[in-house]
Amino acid sequence: MDDSTPTSERSSPALGSNPLLDSRDLRMPRIADPCVLVMFGITGDLARHKLLPAIYDLANRGLLSPSFSLVGVGRRSWSDDELRAYVEQAVRAGARTSWHQAIWDQLAAGMRFVEFSSFEDDDAYSRLTDVVVGLDATRGTSGNRAFYLSIPPGWFPAVTQRIAASGLVDESPGSWRRVIIEKPFGHDRASAARLDTLVSRIVRPDDVFRVDHYLGKETVQNILALRFANTMFEPLWNQRYVDHIQITMAEDIGIGTRAGYYDTIGSARDVIQNHLLQLLALTAMEEPTAMTAPAVRAEKEKVLASVRLERHGVLDLDTTTARGRYDAGFQGGVPVKGYLEEDGVAADSRTETFAAIRLEIANRRWAGVPFYLRAGKRLTRRVTEVAVVFKRPPFLPFDDAATAGVGANTIVLRIQPDEGITLRLASKVPGSHIELRDVSMDFGYGGTFNEESPEAYERLILDALLGDAPLFPHQREVDLSWRILDPVIERWAASGAPDGYRPGSWGPESAHQLLARDGRTWRRS
C-alpha cells in the first residue's frame, strides 16, 4: 500500500493478518486524513480555551495525521512563530493530556498565520490561498481543507463570498472541502435560512458541520445507547408509562463579560433553540435503521416536526412559557449584580436570563406527555440533565404511611458536571415494619471506565475532519427548531419586561406555575 492511501483507510499488519478484525473494529482508532484546518477567529476565547487545546489533545492521542496543518487567520501582525507561541500558551493552560515535546514540534511545524486587516481584505485571501497551497506541497495535506468559522454571524457574507472567489473551496478529485460553524445558527427562522444560503456558496450541504458542543458530550451520545442497546428501557419509553420529561440546563453564574453577545440573544435563543431541542430530539426519536448521519438525522427531524406549543390543543403562550431576569442579591454568601447592572447591558434591556417552555409531541409514542425545557443563569447550581419521570403505579398494596416518602420512578441522564445516569426507585427500609423510601442506583463515567471521556470539542473536531456527521445538526433540524421557538420569541417581544428572580433560586415564580398548572413540580436536581 503506497503513501497516497488515506491514513484513515490504512491497516496495520496485525489488523490485516487477522480475518476476525477489520477497519471498522471500534478498538482501532480512526485517524483523520492529512488536511489543512483554516481557523477564522483563532485569537478568540473559544479558540484559546477549547479549540486549540482540543487539537493538541487529538494529536497527542495519535488521532491527527502527522501532516495535519493549522492556519490561523486574525487581525494581529503575527509571524508564524508568534502564532506558535500563542497556541503553546493555550495548550499548556487547557490541554487534558500531558505535554510531549515531540508531538508539539510535529504539530507546530504545520502552523502558519495570515494577517487580515479585516474580513473584507481581498489581498489577505490571496495570501491565505498561497499559504494553503504551499502546505499541500510541503506538508502533503493532499488538498483536503476545512474552514472553522468561529466568527460573529454578521461577517459570514463577507467571508463566504471571498472564500468562494479565492478558489480555496473549488472541488478537486480525491480531496475534500468542509466548513465548520459555531452557533448561533441565525437569530430566527428567516436569518437561519439566509445563513444556510451563504454557506452553500462554498460547500455542499453534507459538508457543513454545525457545532453544538453538547452533542459531543458522552452522556448525550449515551442516550441512544441507553435506549436502543438495552431491552429493559425502550418498552417503557412511551406515553403509556412516562408521565413527563424535564430537560434542564442551569448555570450558577451570571453573564460575566458576554453582555455584547448575550444581550442580543437571551436564554431561549442561546440554549433552548439548539442544546435543549437537540436533547429533546434524541430523547424522543424513534430507533434509527443505523447509527449513520442520514438515519439519525431522519428520526430527529421527524420528532422536531411533530413538536407542538399547544397545551391540550390550545395555544396560550402566556401559560405554557415563562421567562425571567436575575435581580441583584446574594449567591453563595457573595453579593452579585442584577442583570441590568452588568457591564454592557442596556438600561432598557428586555433580554431574559431564564426561559422555560412546555411542549408536546404529536405522535403515537408521546401523545399527551409534556416535555418541560428550562435554562437559566444565576440559578441554584450548575447542572444539565434529562429527567424521564414515570407514572405512578395504578395500585399500591401498601398503606399511606408506608409510601409517604416515595416519589415517581425517574431516570436521570446527567450531562454535566458529573456525567452519568441515575435510576430512582422505591425500596423497603430495613426493619420489622414496611416503610418504603426512594433510593438511587447510580452510574458515573468517572468511576466505571478506565478511559477518560474525550472533551466535547475533541470529538466534534475529529468527526468533522473524518466527515462523520451524526453529532452535527443539519439545516433542516435548525429550521424546525426555529419554527418551534419563533412564536415564543415574538410573543415575549410584545409582553414587556421579564419577571425578576432571586440569585441562587430556581428561577421566577412563573416557571413554577407553568408546571403547577399540570399538577407537577420541577426537579430540584
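User: Where is Arg75 found?

Analyst: Arg75 sits in the loop between β2 and α3 (80–94). Those labels are DSSP runs numbered from the N terminus: helices are H or I with at least four residues, strands E with at least two. Keep in mind that the model is predicted, so local features need pLDDT of at least 70 and side-chain atom pairs pLDDT 80 or more, while totals for chains, interfaces and linings use all residues. Numbering runs from 1 along each chain as its sequence is written, and side-chain values use heavy atoms, with hydrogens and water left out.

User: Why is Arg75 called exposed?

Analyst: Its relative accessibility is 53%. Exposed means over 50%, buried under 20%, and partly exposed in between (1.4 Å probe, protein chains only). So Arg75 counts as exposed.

User: And what makes Ser67 buried?

Analyst: Ser67 comes in at 18% relative accessible area, so it gets the buried label. It belongs to the loop between α2 (45–60) and β2 (69–74).

User: Which residues does Ser67 contact, leaving aside its neighbours within four places in sequence?

Analyst: Pro34, Cys35, Arg139, Gly140 and Thr141, where contact means heavy atoms within 4.5 Å.

User: How do you know that Ser67 has a polar contact with Arg139?

Analyst: A polar atom of the Ser67 side chain lies 2.9 Å from the backbone oxygen of Arg139. A polar contact is a pair of N or O atoms within 3.5 Å; within protein, one must be able to donate a hydrogen and the other to accept it, and residues adjacent in sequence count only if both atoms are side-chain atoms.

User: Where does "binding site" come from?

Analyst: From UniProt, in an unreviewed entry, which puts that feature at Arg75 and Lys183. UniProt positions use the numbering here, feature names are shortened, and annotations may be inferred rather than shown by experiment. Leaving out residues up to four places away in sequence, Arg75 touches Glu115, Phe116, Ser117, Ser118 and Trp155. With that exclusion, Lys183 touches Val211, Tyr261, Asp270, Asn274 and His275. Lys183 is in the loop between β5 (177–182) and α7 (189–199).

User: Which strand gives the most to the lining of the second largest pocket?

Analyst: β7, with three residues. Both β7 (242–250) and β14 (383–390) supply at least two.

User: What kinds of residue make up that lining?

Analyst: Four nonpolar, five polar and five charged. Ala, Val, Leu, Ile, Met, Phe, Trp, Tyr, Cys and Pro count as nonpolar, Asp, Glu, Lys and Arg as charged, and the others, Gly among them, as polar.
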